[in-house]
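Visitor: I am new to this structure and would like to go through it step by step. Please show me the sequence and the model, and then I will ask my questions.

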Amino acid sequence: MSAVTPSPPAAPAEPSVASAPGGALAEVIADRAAGPDPVCLFGYDLDALARHAQRVVAPLPERCRMFYAMKANSAAPVLRTLAPVVAGFEVASGGEVAKARAVGPGIPVIFGGPAKTPEEIAEALRQGVTRLHAESVLELHRISRAAVAAGTDAEVLLRVNLAGPFPSATLAMAGRPTQFGIDEADLPDAVAAAVALPGVRLAGFHLHSISNNLSAEAHLDVLRMYRDKAAAWEREFGVRCEVLNVGGGIGVDYVDLDARFDWEGFTRGLADLVETFPDHVREIDFECGRFLTAECGRYAVEVLDVKRNHGTWYALVRGGTHQFRLPASWQHSHPFTVFPVEEWESGLPRPEVSGEPVTVVGELCTPKDVLAREVRVPRVRAGDVLVFSHAGAYGWEISHHDFLSHPHPEQVFLGDGGG
Ligand SMILES: *Cc1c(COP(=O)(O)O)cnc(C)c1O
């Protein structure tokens, strides 16, 4: 690689501009902007969330089920909105099991996660989870021990870290060393253990291998590969795959918001693909996070200052990556829109920047606290509010809230999620 002449840097793509917040959220922002504290809030539109989830679930062919991977956003109003629409929740900790149970004792829960403690496994069984996704042979033994102690059988999928190659190489997060799942080469031992251990009922395989994928075609290719893998393992090990979990990983393009994953096209292709699965496959489970909740959330933060430093314009906001780490973790400029606020404290200068690229940073004492880099906007003034869209998944949830001990943002849930 090092001998290759570097190609000239590509022209930076113009980042997307987010759509302006709708009526109810605009009212909340205006109300908070008139108050004494700087605006800093997450706003979630539960009605939009319910409509979106219904549109995702409705075209799924028979045997396909959509679970919600709650690590993307496990706020109770979000879970309550999704519970009547999705097949259940995918959880990855004892805390998430408890959150799922707080929404409703009857909702199906499937339990994954790379490092489950024996106590979490025992508690999950007491809570009546539908299935566990086992990530190692030791974990199979732990599940077996807990199930025997509880006098029950645990339905288990083996999570396999596939050897690849994947149809679209850029998408894979398996097929290379990660802490997730059982190495495909070790599958013979894992299947033997799953079949032999008391209290364990092997129901199939779990193959979540891609993340933030934007291509419906590529997703169908990967599913075809999963189908063929499962069929080959059935022959090789003499087991039946009744449940195939194909994971999440349906993407959102934060830089080009118009480049949406073609869900309608995908589900049409899926309907044909599902026809080619054997009859004994009773369930094909999806467990999506980002695709379900990204769009329902916005992050609104007030500009505290505007200044130029060594030729670059900065807008400094109340908030930052300790509340909204998503753009830092994906290294992108997150789309936002400017919500103008006319009030300004008289007697103070009001700095602004117009028509120049501006970098939006937060209140942390680190140069990494960047939400958007060199984005050209018509005008930003101190006192205006920046509203970041697509902040409903992996926003607040993944952030290091207490770094520097700033106050937490308000969490505003709009609508009743009734659709
Ligand atoms: C995170 C995760 C998901 C959800 O991924 P999205 O990209 O948000 O759809 C699903 N399954 C497992 C095992 C995960 O770790």
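Visitor: In which sense do S15 and strand S16 pair, and over how many bridges?
Guide: This is a predicted model, in which local features need pLDDT of at least 70 and side-chain atom pairs count only at pLDDT 80 or more, while totals for chains, interfaces and linings use all residues. Residues are numbered from 1 along each chain as its sequence is written, and side-chain values use heavy atoms, with hydrogens and water left out. Strands (E, at least two residues) and helices (H or I, at least four) are DSSP runs numbered from the N terminus, and two strands pair if DSSP finds at least two bridges between them. S15 and S16, the latter covering residues 370–376, pair in the antiparallel sense over four bridges.

Visitor: Which residue in S16 stands opposite valine 358?
Guide: The two strands here are S15, residues 357–361, and S16, residues 370–376. Opposite valine 358 stands a residue of S16, valine 375.

Visitor: How many of the residues of S15 are buried?
Guide: Buried means under 20% relative accessible area, exposed means over 50%, and partly exposed lies in between (1.4 Å probe, protein chains only). S15 is mostly covered, and of its five residues the number buried is four.

Visitor: In which sense do strand S11 and strand S12 pair, and over how many bridges?
Guide: S11 spans residues 297–309 and S12 spans residues 312–317. Valine 303 stands opposite valine 317 in S12. The pairing of S11 and S12 is antiparallel, over six bridges.

Visitor: Which residue takes a positive phi in the hairpin of S11 and S12?
Guide: Most residues other than glycine have a negative phi. The hairpin has two residues between the strands, and the one with a positive phi, near 50°, is histidine 310.

Visitor: Where is arginine 63 found, and what is its phi?
Guide: Arginine 63 is in the loop between helix H2 (46–57) and strand S2 (64–69). With a relative accessible area of 23%, arginine 63 is partly exposed. Although not a glycine, arginine 63 has a positive phi of about 80°.

Visitor: Is asparagine 212 buried or exposed?
Guide: Asparagine 212 lies in the loop between S8 and H8 and has a positive phi of about 45° although it is not a glycine. Because its relative accessibility is 15%, asparagine 212 counts as buried.

Visitor: Which side chain does the side chain of serine 209 join in a polar contact of 3.1 Å?
Guide: Serine 209 is in the loop between strand S8 (200–206) and helix H8 (216–237), and it counts as buried because its relative accessibility is 0%. A polar contact is a pair of N or O atoms within 3.5 Å; within protein, one must be able to donate a hydrogen and the other to accept it, and residues adjacent in sequence count only if both atoms are side-chain atoms. The serine 209 side chain reaches the backbone oxygen of leucine 207 at 2.8 Å. Its side-chain partner at 3.1 Å is tyrosine 226.

Visitor: With which side chain does glutamate 184 make a polar contact?
Guide: Glutamate 184 lies in the loop between strand S7 (182–183) and helix H7 (187–196) and counts as buried because its relative accessibility is 14%. Leaving out residues up to four places away in sequence, glutamate 184 touches (heavy atoms within 4.5 Å) residues including Val160, Asn161 and Trp233. Its polar contact, at 2.8 Å, is with the side chain of lysine 229.

Visitor: What distance separates the C-alpha atoms of glutamine 179 and glutamate 135?
Guide: Glutamine 179 counts as exposed because its relative accessibility is 57%. Glutamine 179 touches Pro114 and Glu135, not counting residues up to four places away in sequence. Glutamine 179 and glutamate 135 are 44 residues apart along the chain, and their C-alpha atoms are separated by 9.1 Å.

Visitor: Which residue has a side-chain N or O atom 2.5 Å from an oxygen atom of the ligand?
Guide: An oxygen atom of the ligand is 3.0 Å from a polar backbone atom of glycine 289, and a backbone N or O atom of arginine 290 lies 2.8 Å from a ligand oxygen. The side-chain atom at 2.5 Å belongs to tyrosine 394.

Key:
Contact = heavy atoms within 4.5 Å.
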